Amino acid sequence: MKVGDATIRSRMAGLDLPDVGEPAFVRPPTLAEATVAVVTSAGLQRPGDDIWKQGDQSFRQFNASERDLTLSHVSNNFDRSGFVADLNVVYPLDRLDELATEGVIGAVSSTHLSFMGALDETMSTLRHDTGPAAAEVLKEAGTDVVLLTPV
């Protein structure tokens, strides 16, 4: 079977997508005043943590000082060499630190999150449970803006 743009579009058009309602919108402070966190789908973990499982819709929380993280994403469908060369490819905390020093952003959040991006098509746990819980964690940390790094 040939999978082209038309085939993918027709498959996507046939999906029964849930109604998620109107999105909430909050106007954040200017970037120069904002506290910024990284939220990545790289499946990062600390050495020794349980590895991610296929379809896992949980998240891992990291302190801004943690840099000894490993990529344990279950998908083999992407090139990991960038991560091996530089953690900032998927988790750009060093770049955020530089932006804070330069005054481009107000501050780097004390808390950052990683999800494992190979999810099933419903993402119901993410939408109803872990997504709101992750937002609450970031809100409690004083985060105004997130930098999403999809992997």
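Buried means under 20% relative accessible area, exposed means over 50%, and partly exposed lies in between (1.4 Å probe, protein chains only). Keep those cut-offs at hand for this tour.

The model is predicted: local features need pLDDT of at least 70, side-chain atom pairs count only at pLDDT 80 or more, and totals for chains, interfaces and linings use all residues. Residues are numbered from 1 along each chain as its sequence is written, and side-chain values use heavy atoms, with hydrogens and water left out.

**Whole chain**

Start with the cartoon. Four helices and seven strands make up the elements of the chain. Both are DSSP runs, numbered from the N terminus: helices are H or I with at least four residues, strands are E with at least two. Read from the N terminus, the order is α-β-β-β-β-α-α-β-β-α-β. Along the principal axes, the C-alpha atoms fill a box of roughly 50 × 40 × 30 Å.

Switch to the surface. Its accessible area is about 9,500 Å², with 55% belonging to carbon and sulfur atoms; the method is Shrake-Rupley with a 1.4 Å probe, and for residues only the protein chains shown count as cover. Of the 151 residues, 31% are buried.

Colour by charge next. There are 12 positive and 22 negative charges, and their mean positions are 6 Å apart. Lys and Arg count as positive, Asp and Glu as negative; His and the chain ends are not counted. Each charge is placed at NZ of Lys, CZ of Arg, CG of Asp or CD of Glu.

**Aromatic pairs**

How many aromatic pairs does a search of the whole structure find? It finds two. Rings of Phe, Tyr and Trp (its six-membered ring) pair if their centres lie within 6.5 Å; planes under 30 degrees apart are stacked, over 60 edge-to-face, and the rest tilted.

Select F59 and F115. The ring centres of F59 and F115 are 5.7 Å apart and the planes meet at 45°, so this pair is tilted. F59 sits in strand β3 (residues 59–63) and F115 in strand β6 (residues 111–115), 56 residues apart, so to speak distant parts of the chain linked by the pair. F59 and F115 are both buried.

Now select F62 and Y91. Their ring centres are 6.2 Å apart with planes at 75°, so the pair is edge-to-face. F62 is in strand β3 and Y91 in the loop between α2 (81–85) and α3 (93–101), so the pair ties together parts 29 residues apart in sequence. F62 is buried at 1% relative accessible area, and Y91 is buried at 0%.

**A charge over a ring**

Go to W52. R60 lies over its face, 4.1 Å from the ring centre. The test asks for NZ of Lys or CZ of Arg within 6 Å of the ring centre and within 35 degrees of the ring normal.

**Both ends of strand β1**

Select T35, in strand β1 (residues 35–40). T35 is buried, with a relative accessible area of 16%. Contact means heavy atoms within 4.5 Å. Beyond its neighbours within four places in sequence, T35 contacts A107, V108, S109, G142, T143, D144 and V145.

Then pick T40 and L148. Their C-alpha atoms are separated by 5.7 Å, although they are 108 residues apart along the chain. L148 belongs to strand β7 (residues 145–149) and is exposed at 58%.

**Last stop**

Finish at L15, in the loop between α1 (5–13) and β1. L15 is partly exposed, at 42% relative accessible area.
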